[in-house]
Amino acid sequence: YSTENRTEIIDVLSRHPWDQIGLSCHFYKISSSSHRLNLVSKRDEKLFSLSRPEAEKIIREYYSTLMDGVEHIPANVVCHIDGVLRYHPDITTMQIPWDVVLPLFETIKKRGMAIEVNTSGIAIRGEVFPCSALLEKATSMDIPFIAGSDAHSPNQVGGYFEELIKL
């Protein structure tokens, strides 16, 4: 999702019947260049050069962009809710910006949406996406979950789903 493409996205979505619509944000436009940072890729070299303050700013803006999408896009599920900068070297020590995340969760609940529990995190960091702190908060707010494996090929469909039973 991108706020600058909101109208086009809504238009495309309105032209077809959909069983499910997943909302995610993968790219961030760096204001000082034409480059769009791929927030969920380990192949974007610019991601690794971000300073900690730059990364923290992008994280906050990522959640604000998701909020905009939740408010405007007729989605059923929010995907990659903590996928932002998943490969940044400092990501494990950064704090969750609860002042932005809690209103997002409240809006997700109010809109009747679910949060994706993505098993691809098991291979990447040893636990599903989102992290346990976000899962616990969403659970305490009675936000439903939908399982996803982020399959990029047929043999990855349902990957690690047996681990979900342990949650």
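How many bridges join E1 to strand E4? In this predicted model, where local features need pLDDT of at least 70, side-chain atom pairs count only at pLDDT 80 or more, and totals for chains, interfaces and linings use all residues, 2 bridges join E1 to E4 (residues 77-78), and the two run parallel. Residues are numbered from 1 along each chain as its sequence is written, and side-chain values use heavy atoms, with hydrogens and water left out.

## Sheet

Strands (E, at least two residues) and helices (H or I, at least four) are DSSP runs numbered from the N terminus, and two strands pair if DSSP finds at least two bridges between them. The open sheet has 4 strands in the order E1-E4-E5-E6, with parallel pairing; its edge strands, E1 (22-23) and E6 (145-148), each pair on one side only. Gly-22 stands opposite Val-77 in E4.

## Nonpolar core

A nonpolar core is a set of buried Ala, Val, Leu, Ile, Met, Phe, Trp, Tyr and Cys residues joined through side-chain atoms within 4.5 Å, where buried means under 20% relative accessible area, exposed over 50% and partly exposed in between (1.4 Å probe, protein chains only). The largest core has 38 residues, and Ile-81 and Ile-108 are among those that touch the most other members. Helices H3 (52-72), H4 (98-110) and H6 (132-140) each give two or more residues to this core, the largest share, 8 residues, coming from H3.

## Ser-41

Ser-41 is found in the loop between strand E3 (36-38) and helix H2 (45-48), and counts as buried because its relative accessibility is 13%.
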